[in-house]
Amino acid sequence: MEWLKGPKMAVVWAALRIWLGYQWFVAGVEKLGGFDATGFLKGAIAKATGEHPAVQGWYAAFLENFALPNVELFNFIIPIGEVLVGIGLILGLFTTPALIAGAFMNLNFMLAGTTSTNPIMYTEAIILMAVGAAAYYWGADRFILPYFRDKFTNKKFNQQANV
């Protein structure tokens, strides 16, 4: 299974990461300057009723009691979050946090009763997290993360040496 995390497969993971990033980026840009989640939230709350609800009661309660009263906050953070996740994945910059944030958004969209491409994007994010560094072998993190590791490792070492 190590071959899945090797540099040859990293080309495949980079293509998948960039495609996923593009999907997030486009979705976010489309929402900039005119997004209102009110209808989506009300629709999700309505899906919590009936014999086979698409939205669990606990999640509908969260939407009704927290998300809906704070819809202006969500109207701001959803598009910005989608754009930032997209940029991070396209560039391979802060890849793991971008994957976690994207998967978290997909999970919340699915919990709100929306299928669409969310299960596919969620699964892709999980796969990319599982392959670890191979996901950003062809990305900015390949160069940035070692710099930060060295900087923080040397700082800790120097602090211990001065004690």
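Tyr122 is partly exposed, with a relative accessible area of 27% (buried means under 20%, exposed over 50% and partly exposed in between, with a 1.4 Å probe and protein chains only). The structure is a predicted model, in which local features need pLDDT of at least 70 and side-chain atom pairs count only at pLDDT 80 or more, while totals for chains, interfaces and linings use all residues. Residues are numbered from 1 along each chain as its sequence is written, and side-chain values use heavy atoms, with hydrogens and water left out.

Tyr122 lies in helix α6, which spans residues 118–130. Leaving aside residues up to four places away in sequence, Tyr122 contacts Ala103, Asn106, Leu107 and Met110 (contact means heavy atoms within 4.5 Å). Of these residues, Leu107 is 15 residues from Tyr122 along the chain, with 7.1 Å between the two C-alpha atoms.

The protein chain comprises 7 helices and 0 strands, where helices (H or I, at least four residues) and strands (E, at least two) are DSSP runs numbered from the N terminus. Among the contacts with a separation of 6 or more, 75% join residues 24 or more positions apart.

Regarding overall dimensions, the radius of gyration of the protein chain is 19 Å, whereas a compact globule of 163 residues would have a value near 15 Å; the radius is taken over C-alpha atoms, and the globule rule is 2.2 Å times the number of residues to the power 0.38. Along the principal axes, the C-alpha atoms fill a box of roughly 60 × 40 × 30 Å.
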